[in-house]
Amino acid sequence: MREWWLLVGLLCIPLLAVYLHIPPPQLSPALLTWRSAGAFFTFRSNNIFYRETYGAVGSSDVVILLHGFPTSSLDWYKIWEPLNRRFNRVIALDFLGFGFSDKPRPHRYSIFEQASVVEALVSHLGLTEQRVNLLSHDYGDTVALELLYRSDHNRTGHLTINSLCLSNGGIFPETHHPRFLQKLLKDSSFLSPVLTRLTNYMMFSKGLGDVFGPYTQPTDAEFLDMWTGVRFNDGNLVMDSILQFINQRDEHRDRWVGALTSTFIPVHMIYGPLDPVNPHPQFIFLYQKLVQRSTVSVLDEHISHYPQLEDPTGFLNAYFSFINAF
């Protein structure tokens, strides 16, 4: 009996070794097109991917799109063209560690660094003196709040923010419910290297699908593109480091929530109420209680954590109503 288990163990070792080194999926035509339409700039020796298009003639308005975890700038593809018809320049980036941007390891990823990446991009594009509109989601919401803090405190190199629109981000630690795997990755230092390697497409698509509404699930091709973006440049191996942003939200709550509650910049929240990460009604009740100068758009009851992908029309209507009001 002992010899039988030994034989099974010996067979499993090479199989596990092969499994842990599964090559990333090839870029789909959609991802190849997205990457070819973008460019790169250098931030502290790392290459950062961004995409920029020029749209509305006669307007000088600029919008910068800040994506969520664990995806990329591709999150905005369904609303890109309508935004392009409204704004003179539409800009999105892949944060460091995401999408087509570099994914250094070991590396201490932080919200502060990602905000500096955005500031560096604005400088690279010659928009330092330009008033910009920020449109953010999830992880990008917290980056936007750090940018808001720097702007309101007149920090060197800060963005001049014209407006801020947030969407379904865990900006309040007390109403934020990270997924089980996220909790393990952010807190289990000895397990994280194993878990990041063991995470596969099936686990990823199941976990991500749980934060979409039952009637607004991504297609198989969309799920695969999201996973490909994570696996590109071994991004799965830095997810535990990036997830420290959840702990950073706890540590710097007063700084970021304080910036949101005290700013005089126009602020709006677009919210998918079926979100299990920032559940209804606790999240939106707390938001409206604390952020009294902000307006709010609650979308249809079946829209969940990714409103710009699940209900692009409703999302755009809410955003344009906000942006055209001032």
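1. A crossover counts as right-handed if, with the strands pointing away from the viewer, the path from the first strand over the helix to the second runs clockwise. That's the case here: strand β3, helix α3 (residues 80–86) and strand β4 make a right-handed β-α-β unit. Helices (H or I, at least four residues) and strands (E, at least two) are DSSP runs, numbered from the N terminus.

2. Some housekeeping: this is a predicted model, where local features need pLDDT of at least 70 and side-chain atom pairs count only at pLDDT 80 or more, while totals for chains, interfaces and linings use all residues. Residues are numbered from 1 along each chain as its sequence is written, and side-chain values use heavy atoms, with hydrogens and water left out.

3. Have a look at β3 (residues 62–66), where five of its five residues are buried (under 20% relative accessible area, with a 1.4 Å probe and protein chains only). In a regular strand the side chains alternate between the two faces of the sheet. Here both faces are covered, with V62, I64 and L66 on one side and V63 and L65 on the other.

4. What does β3 pair with? Four bridges join β3 to β4 (residues 89–93), running parallel, and I64 sits opposite I91 of β4. β3 also pairs in the parallel sense with β5 (residues 131–136), over five bridges, with V62 opposite V132. Pairing takes at least two DSSP bridges between the strands.

5. Now the holes. On a 1 Å grid over the protein atoms alone, a cavity is a set of points where a 1.4 Å probe fits but cannot get out, a pocket is an open set with protein on both sides within 12 Å along at least five of seven lines, and lining residues have an atom within 4 Å of a point. The largest pocket has a volume of about 460 Å³ and is lined by 24 residues, with R179, L181, Q182, G207 and L208 nearest its centre. Helix α8 gives the largest share of that lining, five residues.

6. There are three cavities of 30 Å³ or more. The largest cavity holds about 70 Å³, and its lining includes F69, P70, K103 and M239.

7. Last, helix α15 (residues 312–323): its 12 residues reach 16 Å from first C-alpha to last, close to the 16 Å expected at 1.5 Å a residue. Its buried residues include F315, Y319 and F322.

Conventions: Expected span 1.5 Å × (residues − 1). Buried < 20%, exposed > 50% of the residue type's maximum accessible area, 1.4 Å probe, protein only. Points joined across faces, edges and corners; volume = space filled by probe spheres on them.
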